[in-house]
Amino acid sequence: MDRKRLAITGALIFGCVLGFRAAPAGAVTLGNALSFAALSESGNVDIGNTARISTNLLGDVAGGNVTLGNTSLAGHNAIATSGAVSLGNYATVKGKCITAGGPVNKGLGAKCVGGDDTTGTNPNLAIAAQAVTDIGNFEAALAALTPDQNLGAVTLAASKTMTITDTVAGLNVIELSSLAMGNSSVLKLSGAPGDDMVLDITGNLSFGIGARVVLTGGISINHVLINVQGVISAWGSSTVMGTTLIAQNAGITGGSGARIDGALYADGDIVFGPNTSVLFNPSLIDLPGVTPTTLELGKAAGFLLVSTGSTETVGNVLVGDPGDFGGSTLTFGSNSKIAGDLVASASSGTAIKIGNYTKASGACITGGGAISLGTGASCGSQDTTGTNAKLALLAGASADTNTYAAGLAGLPVTTVLPAIAIAASHTQTISDSVAGLNVFQTPSITMGGSSTLVINGAATDIVVINVVGSIAGPGVLNLSAGFKISLTGGITADRVVFNVESSSASPAFIGGTSSVFNGTLVAPLRAGTIGSGATINGQMIFGDTVSAGPNVTATYVPVIPIPVP
């Protein structure tokens, strides 16, 4: 049976066993995420020794890397979306060990019962990728709802019990600014059979040792969900939680001996302590559909230059406005002047390396990795605690950029252009044809040395250029040294967006030597290369490795919200 059919069968099983009801037309569900007992959207999954994950139903485990400790068990597939699946001694994966090309490492007596698949073509990889998008859509739909109750900060002292009761039939959204549960405390969530309850925690969550979340009144596990917008700052040992948990902007580290009856989705690493047990019972809550009125970059909005999924290396650079730089690691050359914050997610090794006499007036922030300063180099401040809020923005930038790019790609096209190919020292002009939003579609953009692309529009107009590729291959953006993106007619850089669709081994190339780029470039599935001497007025957001040469001048000009017709 193929996986698509299996996913459908799983939904039917839930219908019979767990009381599933068909989602209304237009409703937003967790979609493909319902295939996963544990899914890290941007980090890794680490299953501790003797832990048991999804032993009751066919829930997969997926992350960049997936690691199982000694004698641990994963009840179905282990999927490494960018790295390796690694099994400790006598660890068992009952399904397949699947990677996008990375290795499957096995200790003594370890096994993948369903075999290994490192071809990078297994359909479960696509299901995992779509699951990330589906979770993002679910979070957006939740954010648009008005809470039925707002309980503020909730704190349970050690050994105390508190009950939260729903107040309306059907869907209940209950907002908390934070939830702190002391040792051996009990939080009861009470609702009638058929009700749905979402605890939307806008701040942080912490579990003390032996804390428990239990359900009463007849409401079922599949109709309860906890969404945490902040961080899960503590998770003591021997906790019990009967619900699906989403860590919207951070990772999840469970205490040893924890018992989870539900599913876990996180935007950072998921770490299960030793002897953890996860029974796969994902939330089947559906939310009212939301049609966005604008497209926005979300958590990526504050970045001038960012790799949402890899490293960033920049030669000496002059940054005049406080847009941030982000990546797993950041490296800057000597004699740079940087106005914004530097945000690197790496939790070990050197996360930020700054060359001699470079001055970063903002904060240097890491996920725990070290900051290396050359002679005479400085940061406005340093934070290596791994808890800075900007790390959550970087972690969520990938999903938000994917959603933004997909939204741009779905806009009604105003003008279809042939491939834009401008010879060296020549000029081509693109002019608006309607007032307001203009969406151009082209297979590729190639500019020869010292060529110019003129974008002509009124001061109140917006131009989106979707680079879509063709049957011959993915879209190409290759702008040779000395190119210029010139704006005329009153339109400004904050109203121009280039969206490079699809993945390719070839990076989006921005040539240097007196080149000028005006606008925002979004390439969520590409690496990016910026040549020496380039000038950037706008934002550049890439999904893979970013490399920029020396003598780059960058000005942060954030793109305005794009209206959806």
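Q: How many of the 565 residues of the protein chain count as buried, in percent?
A: 51% of them count as buried. Keep in mind that this is a predicted model.

Q: What is the mean pLDDT of the chain, then?
A: The mean is 89. In the protein chain, 93% of the residues reach 70 or more.

Q: Where is the pLDDT below 50?
A: Over residues 1-25. Beyond near neighbours in sequence, that stretch still has 34 contacts in the model.

Q: Switching to secondary structure. How many helices and strands does the protein chain have?
A: 3 helices and 58 strands.

Q: And why call the chain as compact as a globular protein of that length?
A: Its radius of gyration is 24 Å, and the globule rule gives 24 Å for 565 residues, so the chain is as compact as a globular protein of that length.

Q: What box do the C-alpha atoms fill?
A: Roughly 70 × 55 × 50 Å, taken along the principal axes.

Q: What share of the contacts with a separation of 6 or more comes from residues 24 or more positions apart?
A: 54% in the protein chain.

Q: On to sheets. In what order do the strands of the 10-strand sheet run?
A: E40-E38-E35-E32-E56-E54-E52-E49-E46-E43. The sheet is open, and the pairing is parallel.

Q: Which strands are at its edges?
A: Strand E40 (370-373) and strand E43 (420-422). Each of these pairs on one side only.

Q: How far are neighbouring strands of this sheet turned against each other?
A: By 10 degrees on average, direction ignored.

Q: How many bridges join E35 to E38?
A: 3 bridges. E35 covers residues 330-332 and E38 covers residues 350-354, and the two run parallel.

Q: Which residue stands opposite Leu 330 there?
A: Ile 352 in E38.

Q: What is the order in the open sheet of 6 strands?
A: E11-E8-E5-E2-E28-E25, with parallel pairing.

Q: Why is one side of E11 and of E25 left without a neighbour in the sheet?
A: Strand E11 (104-106) and strand E25 (252-253) stand at the edges, each with a single partner strand, so one side of each has no neighbour in the sheet.

Q: Which strand pairs with E11 over 3 bridges?
A: Strand E8, residues 85-87, in the parallel sense.

Q: What is the bridge partner of Val 85 in E11?
A: Val 104.

Note on methods
Residues are numbered from 1 along each chain as its sequence is written. This is a predicted model: local features need pLDDT of at least 70, side-chain atom pairs count only at pLDDT 80 or more; totals for chains, interfaces and linings use all residues. Side-chain values use heavy atoms; hydrogens and water are left out. Two strands pair if DSSP finds at least two bridges between them. Helices (H or I, at least four residues) and strands (E, at least two) are DSSP runs, numbered from the N terminus. Axes are lines fitted to C-alpha atoms, for helices over the stretch in contact, and angles run from 0 to 180 degrees between N-to-C directions. pLDDT is the predictor's confidence in each residue, from 0 to 100. Contact means heavy atoms within 4.5 Å. The radius of gyration is taken over C-alpha atoms; the globule rule is 2.2 Å times the number of residues to the power 0.38. Buried means under 20% relative accessible area, exposed over 50%, partly exposed in between (1.4 Å probe, protein chains only).
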